[in-house]
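This report describes one protein model for a reader who is new to it. The sequence and the structure come first, and the description follows.

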Amino acid sequence: MSERIGFITRVQSFSACHRLHSKSLSDEENKRIYGKCNNPNGHGHNYTVEVTVRGKIDRNTGMVMNLTDLKEYIEEAIMKPLDHKNLDLDVPYFADVVSTTENLSVFIWNNMVKLLPPDSLYEIKIYETDKNIVVYRGE
Ligand SMILES: Nc1nc2c(c(=O)[nH]1)N=C([C@H](O)[C@H](O)COP(=O)(O)OP(=O)(O)OP(=O)(O)O)CN2
Ligand SMILES: [Zn+2]
């Protein structure tokens with residue numbers, strides 16, 4: 001029997017605050033484009049992230065990857081740098097990168113990909129709110 005490919009996902013939530021503000025735009029443009037999300041003192045979210053890993057289902061273990069290992073990678077790549085942080089002030093990556101959920105998904109991808117086996121990270125999906133959802137697949 002040929003080897004089966006599986007997808008496994010672990011979900012993690014974290015809290016952070018941010019302000020949508022681009023240094024390459026004027027104050028007026030920032031206000032017009034980002035609206036209430038450009039509030040100078042910021043606003044907060046309870047983000048939920050889904051990390052999906054793709055790989056062969058090992059014949060001996062029955063696993064694509066041990067979810068306990070994935071949990072530890074998520075702790076390193078997501079929780080330690082982001083949980084209870086001000087994204088713009090506490091996370092150096094966002095000093096010159098606007099802390100949109102799109103850019104946050106790239107940041108999380110870059111952190112996760114360093115810890116996972118080569119070519120195994122499939123998707124980062126972030127729920128910024130119940131209604132605002134971003135997917136990034138490393139392209
Ligand atoms: N493309 C993007 N657009 C927006 C982003 C983003 O990250 N990428 N972010 C924001 C704001 O940060 C904020 O999260 C938007 O919040 P809000 O509009 O309040 O969220 P909801 O749609 O869930 O709120 P409702 O008021 O219930 O509609 C804006 N745009
Ligand atoms: Zn926001």
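The protein has 4 helices and 5 strands, where helices (H or I, at least four residues) and strands (E, at least two) are DSSP runs numbered from the N terminus. Along the sequence these elements follow the pattern β-α-β-α-β-α-α-β-β. The model is predicted: local features need pLDDT of at least 70, side-chain atom pairs count only at pLDDT 80 or more, and totals for chains, interfaces and linings use all residues. Residues are numbered from 1 along each chain as its sequence is written, while chains are lettered from A and ligands numbered from 1 in the order in which they are written.

The average pLDDT (the predictor's confidence in each residue, from 0 to 100) is 97, and 99% of the residues score at least 70. The scores of the model are ipTM 0.93 and pTM 0.97.

Strands pair if DSSP finds at least two bridges between them. On this basis, 5 strands form an open sheet with mixed pairing, in the order E3-E1-E2-E4-E5. Its edge strands, E3 and E5, each pair on one side only. Helix H2 packs on this sheet and touches E1, E2 and E3. Within the sheet, E2 and E4 pair in the antiparallel sense over 6 bridges; Val49 has Ile126 in E4 as its bridge partner.

The residue ranges of several elements are as follows.

| Element | Residues |
|---|---|
| Strand E1 | 5–18 |
| Strand E2 | 43–56 |
| Strand E4 | 121–127 |
| Helix H2 | 67–82 |
| Helix H4 | 101–115 |

Helix H4 lies across E2, E4 and E5 and runs at about 145 degrees to E4. For such angles, axes are lines fitted to C-alpha atoms, for helices over the stretch in contact, and angles run from 0 to 180 degrees between N-to-C directions.

Pro81 is located in helix H2. Pro81 counts as partly exposed because 18 other C-beta atoms lie within 10 Å; a residue is buried with 20 or more such atoms, exposed with 12 or fewer, and partly exposed in between, with C-beta atoms placed from the backbone. Beyond its neighbours within four places in sequence, Pro81 is in contact with Val91 and Asn111, contact meaning that C-beta atoms, placed from the backbone, lie within 7 Å. The C-alpha atoms of Pro81 and Asn111 are 9.7 Å apart. In the protein, buried residues make up 17% of the 139 residues.

Terms used
Two residues are in contact if their C-beta atoms, placed from the backbone, lie within 7 Å.
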